[in-house]
Amino acid sequence: MSSVAEARAPRADWLRVLDLLSMPALAMVLAFVGGALIIWITSGSLITVGEAYGGMINGAFFKTRGFSETLVATTPYIFLGLALALGFKAGLFNIGVEGQFFVGAIGAAWVGSAFSGLPAIIHLPLALGAGALGGALWAMIPGYLKAKTGAHEVINTIMMNYIAFRLTEFVVSGPLRDAHSSAVQTPRVAPNAELWSLYAIPERLGDPLNALGVALVCAFLGWTFATWQTARPSAARRFASASQRRLATLGVGAVVGIVTFLVLPPLTRAWWLLNDQYDRLHIGIFLALVTAVAVWRLLWKTTLGFEMRMVGANPDAAKYAGINSTRNIVVTMALSGALAGVAGTIEVLGVSICRCLPLFFSSGYGFDSIAIALLAQNHPFGIVLGSFVFGAMRNGADLMELNSGVSKYVISLIQGLVLLFVAAPAMVRWLLRLRARAGEEQATITRGWGG
């Protein structure tokens, strides 16, 4: 009996995953169908629909550097989608990620340009930390007001967005303006504060300090993975004591770090796949993927994550269980803002052509990410997939307009339809004549969504 149950369990998991993916997939399909109808009606030609979607796919994946540019656009979406998902899980609608994105960019631009002579192993983490801190502090303000006064975070974060936009304009054109540039922008960040492009990795690893920094990161990841694996009951039984298990995980981390330090630099110098010096893809994509795993572990494998989800699901029950809702609201908003701040930091340190913060710094990533988080049903791994789709749409929009004459803002229309269909699954079921799943009508995205 047990063997039969064990054999059925993975199949049941896969069916559950497919069931969860069905509604977002249907929402995407219906949004693209809606976009096609609008293009057809406005252009009067079905051929234009094919040219528009063909151009978008070509621009996103097949033109020169198309795929890497899609990954460049995917990176901030992942951070911002995770930022929104954290809030949603705790019952908060942090619509202020766009403003936190801007404040994080200010912090990174200042720290990146204010210091010189620091090695990359210090300067780059310092700039990333400044961006995260800026976003966290900016998000903590509406979080504190929500926790202490009951002020609705939707209204407060919207207002904080406008303050952040004007604050950025003031800082860039005033205190942080580059006096040696004719353009209104902050000074260029130091080379050691820049995010490494994948093309430059062999050169970067030629510096022993940089190789040491990468080795320490890999050692930490190896230790984390080993700790996760040995915590499973089947693996934990192989160790006589907790100290023996701890020693084993530390050994795995040390071996990974030493091997990385000794092998990776000569290996990348001998062979490296990326030889296009104009390719903008940077190491931020790896940071984003690691962050998605970290957020997943935070939400489902830690006490803090459990408390955040419990406060989001039922604040009264959480209070009765002794959970400090006030602290959880502030901490959740701070973590959410930190993720959004890192997204802005990455745009300054790794994407901006001037490696600075220009006056007309406009992203729109934050508002798009609302649709991504809802499309992924706030699951970190779903956010990675949704971010890739939205990154492809954003990257392919220009070639779509060039090939077909259809405005690239049709992409925003499709994203709006995605948001509409995800937020109103009853509409999808009505359009496709589907029955509701048991309990689906009672599902609530977040308490912050309207009250």
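Is E307 buried or exposed, and what is its relative accessible area? E307 is buried, with a relative accessible area of 15%, where buried stands for under 20% relative accessible area, exposed for over 50%, and partly exposed for what lies in between, with a 1.4 Å probe and protein chains only.

## Basis of the model

The model is predicted, so local features need pLDDT of at least 70 and side-chain atom pairs count only at pLDDT 80 or more, while totals for chains, interfaces and linings use all residues. Residues are numbered from 1 along each chain as its sequence is written, and side-chain values use heavy atoms, with hydrogens and water left out.

## Salt bridges

Nine salt bridges are counted, a salt bridge being a side-chain nitrogen of Lys or Arg within 4 Å of a carboxyl oxygen of Asp or Glu. One of them joins E307 to R327, with the closest N and O atoms 2.7 Å apart. This pair links distant parts of the chain, since E307 sits in helix α12 (residues 303–313) and R327 in helix α14 (residues 325–351), 20 residues apart; helices here are DSSP runs of H or I with at least four residues, strands are runs of E with at least two, and both are numbered from the N terminus. In contrast to buried E307, R327 counts as partly exposed at 42% relative accessibility.

A salt bridge also forms between the side chains of E194 and R188, at 3.2 Å from N to O. E194 is buried, with a relative accessible area of 11%, whereas R188 is partly exposed at 48%. Both residues belong, together with R355, to a network of linked salt bridges.

## R65 and D276

The salt bridge between D276 and R65 has its closest N and O atoms 2.7 Å apart. The two residues are 211 residues apart and link distant parts of the chain, with D276 in the loop between α10 (242–270) and α11 (284–301) and R65 in the loop between α2 and α3. Both partners are partly exposed: D276 has a relative accessible area of 25%, and R65 has a relative accessibility of 31%.

R65 also stands out in its backbone, for it has a positive phi of about 60° although it is not a glycine. Most residues other than glycine have a negative phi. The loop that holds R65 runs between α2 (46–62) and α3 (66–89).

Helix α15 is mostly covered, as ten of its eleven residues are buried. Among these buried residues are Y365, G366, D368 and S369, and the run from I370 through A371, I372, A373 and L374 to L375 is buried as well.

Just after α15, Q377 takes a positive phi of about 55°. N378, in the loop between α15 (365–375) and α16 (380–404), likewise has a positive phi, near 65°, and is not a glycine. At 7% relative accessibility, N378 counts as buried.

## Core and contacts

In the largest nonpolar core, which has 102 residues, L349, L357 and F390 touch the most other members; such a core is a set of buried Ala, Val, Leu, Ile, Met, Phe, Trp, Tyr and Cys residues joined through side-chain atoms within 4.5 Å. With residues up to four places away in sequence not counted, L357 touches A105, I106, A109, T168, V172, Q185, T186 and V348, contact meaning heavy atoms within 4.5 Å.

Q100, in helix α4 (residues 97–114), is buried with a relative accessible area of 2%. Leaving aside its neighbours within four places in sequence, Q100 is in contact with N94, G135, W138, A139, S336, G337, A340 and G341.

## Cavity

The structure holds one cavity of 30 Å³ or more, a cavity being a set of points on a 1 Å grid over the protein atoms alone where a 1.4 Å probe fits but cannot get out, with lining residues having an atom within 4 Å of a point. About 30 Å³ of space lies in the largest cavity, where the volume is the space filled by probe spheres set on the points, which are joined across faces, edges and corners.

The lining of the largest cavity consists of L198, Y199, L274, D276, D279 and L281. D276, which lines this cavity, is also the salt-bridge partner of R65.

Terms used:
1 Å grid on protein atoms, 1.4 Å probe; cavity = no way out; pocket = protein on both sides within 12 Å on 5 of 7 lines; lining within 4 Å.
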